Amino acid sequence: MQRLVLAFVFCLITAGIAAQKAPTIYVDKSGVMRWNNTQQEASFFGVNYTLPFAHAYRAIGYLNKDHKEAIDKDVYHFARLGFNAYRIHIWDVEISDNKGNLLANNHLDLMDYLIYKLKERNIKIVLTTMTNFGNGYPERNQPTDGFSYLYDKCEIHDNPQAQKAQQTYIAQLVKHVNPYTGNVYMNDPDIVGFEINNEPCHAGTRQQTREYINGMLSALKKAGNRKPVFYNVSHNMHQIEAYYATDIQGTTYQWYPIGLVAGQTRKGNFLPYIDNFHIPFSNTKGFASKARLVYEYDPADITYSYMHPAMARSFRTAGFQWITQFAYDPIDMARYNTEYQTHLLNLAYTPQKAISMKIAAEVAYNVPRNQSYGVYPADTIFNDFRVSYMQDLSEMNNSKKFFYSNHTTTLPAAINELEEIVGYGNSPVVSYEGTGAYFLDKLEEGVWRLEVMPDAVQIRDPFAKPNLEKEVITIMWNKWNMQINLPNLGNKFNISALNKGNSFKASSTNGVIENITPGVYLLQKSNHKALQVWDADTHWKTITLGEYVAPEAHADTYFVSHTASKVIESDKPYIVEAEITGPAQPDSVIIYTDKISFWNNNNPYYKMERVHGYTYRATIPAKEIQKGVFRYNIIVCRDNNSHTFPSGVNKNPLDWDYISTEYWNAKVVDPGSAIKLFEASNMFYTGMETYSIPEGSWLKQDNKEAYTYFLRKYIVDDICQRKERLTNSTLLCLNMQKAPLNISVGFVTCMGYTYKTTIQPQKGINKIPLNQLEQTATALLPHPYPVFLKEYFEPETNLPFQLTDIERVEISFENNAGEIEIDSIWIE
């Protein structure tokens, strides 16, 4: 026992010596974070990740998972995604008492363990020491003895007793010794610095705010801290001068460009929203001497993969050196998305978005600070990067690296020199039918490591209200062919599995690996003798070659993910496409309409064919599509069992005891009829969203300030099956019961551009010639956060209006123009 203690003490001493020699970060007089050993600029990109605390901590327990094993798995994926930064706002209520004393408990132990595992992967850390709010969301707050529970968040920074508790707490936290590393937090070279608190609420005077911050800085200095200290400046805009009048060394910001908690997946082109990150107070005294950090950001409520690299570009243009997304979902609970309903990110469960994050990391590391790339759409191509809304694609393409988040036809910049490929789907380098991410890393000439993630398929809207029994993304382990076109590897190569429990071994003679399953593999060119032994235990960069982390397959029942077309045209074929997941590939998939009957001898059906991956498709003949409503079921058949959807009943509609009345419904209209976009009294055509600029102005009673109302609706589902009629249309029509003095009305297109005209509407039907629409500024709705960001995107490139490109209808008017009541909107 004594030897073990001595050995542990020796390890701690060794760790302390190593910590003293490792490079650290300082902030120079120009507000630039630099490495102390080279004086080179630093750049960081990564994520927030909250498993040691709050709901994530509890949910891992609910699911009977091991917290430390969960951390191990996720941190491995951080390394694979190329992250070098991690930030967390610590839930002080879970590690403090009511006096501010630090508590040694499981939460703090997991925080220590997480830091230890991050250091193993060379990932740097910013600790936000306090949240000053509860630990419940999305549950109720769990009671603790923490000091923050004694005060309102907007009182805690001004109350003397609260300040004393915070100073006690922050001093003890930075002096805490991590038992896994042997480092005191304030001396750990991998902890870049400390942010005092998360999103403070300063309701007092500027003098009170300065005194609070200076008091915290004094407490940290007395504790012995010499690391940079950061403070949030994107809240409480009336306090800006107070923030910069203190000795903080860096300032922190967030960015949620399309709002938060929509309750559903948002759709559309949001690239104009992230064209730039404009800081209106950049001329404030002291601004230029403070480092800039993004403590949180996320394009919330979307599953697209084109946003993250563009946001990273805008951050770099604005001078940021630290960028951390909020928040990465622990792999053991990501399938439910319960932690933060509005956010969703995980390599296994959102592979395309995760790859876009890896590309965004490269943007952060390679795009110079303060360099502009023009105004959208010019800035969709910058340095080695490209983003595309229409392709839902992010790309990095240079001589060494080729990364892509979706199918692409882009040719690698230098295929013979490639050293790293990360992708999803098909490209000129890799053809793959699976729906997981894959990684190809060159180990030496003729030797590559291949990592293949299992298939992920979304089966429900991940941004609707969640719970731990509602799976939103399912995982499957299937066998697919993978074709690799790498001159360095050639068409003939040997494949051998590296990860534990995987015995796959094969040879390729045509560049194709047949029936490959998820796992890690060594690929070696035929007749090539490696310069060294490469095996599962070989350490390479920050991983070992045999490491592999992936969730088990859990698609134990069949599920059909399908949305019926909202409106289709009569006497025209109707294409039905669905994603079908389950424990095994179906024997057959068929469509029945509502015209079938148990009593009929002949019940027609339409067979769905698998076209790729989990996608099945069928064409309903034109003669079956008649005016009214087309109703249908999809039936998945396997081993003489039927599973009928959308009800999910394990029966066939032709069974005598089948009682479900659920169908998918598509409204069928005459091809020459007007294209309805909105109808207040018809469930098929509702869905209008309401906004105001400035935000929330319409909610204020007796508001005498000038503001603008907006009515906006996403209409792609209303028009996507009516392209021919749309092409032949010339008028936008509104039937109004109440009409303001004037309104601006028009469309937002797939380019994110807005085209409108102003009219003086009358009660009744108003018809507006489409050729009167003119390009104008795009209102950035829903509202972005922080609140100081621009409310409109002003395009510099003129693009002609194309009716076939419309995605949203929009009406706006001033608050003093009168009331509005709309019965219907249509195009004819």
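In what order do the eight strands close into a barrel? In this predicted model, the order is S3-S4-S5-S6-S7-S8-S9-S10, and the strands pair in parallel. Neighbouring strands of the sheet are turned against each other by 25° on average, with direction ignored. Gly-46 stands opposite Ala-85, which belongs to S4. Helix H8 (residues 308-317) packs on this sheet, where it touches S3, strand S8 (250-255), strand S9 (291-297) and strand S10 (322-325). The direction of H8 makes about 155° with that of S9.

Glu-195 and Arg-87 meet in a salt bridge, with an N to O distance of 3.1 Å. Glu-195 lies in strand S6 and Arg-87 in strand S4, so that the pair links parts of the chain 108 residues apart. Both ends fall under the 20% limit for burial: Glu-195 is buried because its relative accessibility is 1%, and Arg-87 is buried at 0%.

Lys-117 of helix H4 (residues 106-120) and Asp-72 of helix H3 (residues 67-80) are 45 residues apart in the chain, and their side chains meet at 3.9 Å, N to O. Lys-117 is buried, with a relative accessible area of 15%, whereas Asp-72 counts as partly exposed at 27%. The side chains of Lys-119 and Asp-190 meet at 2.6 Å, N to O. Because Lys-119 lies in helix H4 and Asp-190 in the loop between H5 and S6, this pair ties together parts that are 71 residues apart in sequence. Asp-190 counts as buried at 10% relative accessibility. Elsewhere, salt bridges that share partners join Arg-80, Asp-441, Arg-449 and Glu-451 into one network. Over the whole structure, a search finds 43 salt bridges.

A search of the whole structure finds one disulfide, formed by Cys-154 and Cys-201 with their sulfur atoms 1.9 Å apart. The torsion about the S-S bond is about 90°, so the disulfide is right-handed. Cys-154 sits in the loop between strand S5 (124-128) and helix H5 (160-174), and Cys-201 in the loop between strand S6 (191-195) and helix H6 (206-223). The two cysteines are 47 residues apart. Cys-154 is partly exposed at 32% relative accessibility, while Cys-201 is buried at 18%. Cys-750 is in no disulfide, and the nearest cysteine sulfur, that of Cys-720, is 14 Å away. Cys-750 is buried, with a relative accessible area of 10%.

Glu-420 is buried, with a relative accessible area of 10%. A polar contact of 3.3 Å joins the side chains of Glu-420 and Lys-358. Beyond its neighbours within four places in sequence, Glu-420 is in contact with residues including Lys-400, Phe-402, Asp-441 and Trp-448.

In contrast to the parallel barrel, strand S31 (residues 588-593) and strand S32 (residues 606-612) pair in the antiparallel sense over three bridges. Val-589 stands opposite Met-608 in S32. S32 also pairs with strand S33 (residues 615-620), again antiparallel over three bridges, and the bridge partner of Glu-609 in S33 is Arg-617. S32 and S33 form a hairpin with two residues between them. Gly-613, in the turn, has a positive phi of about 50°.

Definitions and conventions:
Residues numbered from 1 in each chain as written. Predicted model: local features only at pLDDT ≥ 70, side-chain atom pairs only at ≥ 80, totals over all residues. Heavy atoms only, no water. Disulfide = S-S within 2.5 Å. Helix = DSSP H or I, 4+ residues; strand = E, 2+ residues; numbered from the N terminus. Buried < 20%, exposed > 50% of the residue type's maximum accessible area, 1.4 Å probe, protein only. Pairing = 2+ DSSP bridges. Axes fitted to C-alpha atoms, helices over the stretch in contact; angles between N-to-C directions. Contact = heavy atoms within 4.5 Å. Polar contact = N/O pair within 3.5 Å; in protein donor to acceptor, adjacent residues only side chain to side chain. Salt bridge = Lys/Arg side-chain N within 4 Å of Asp/Glu carboxyl O.
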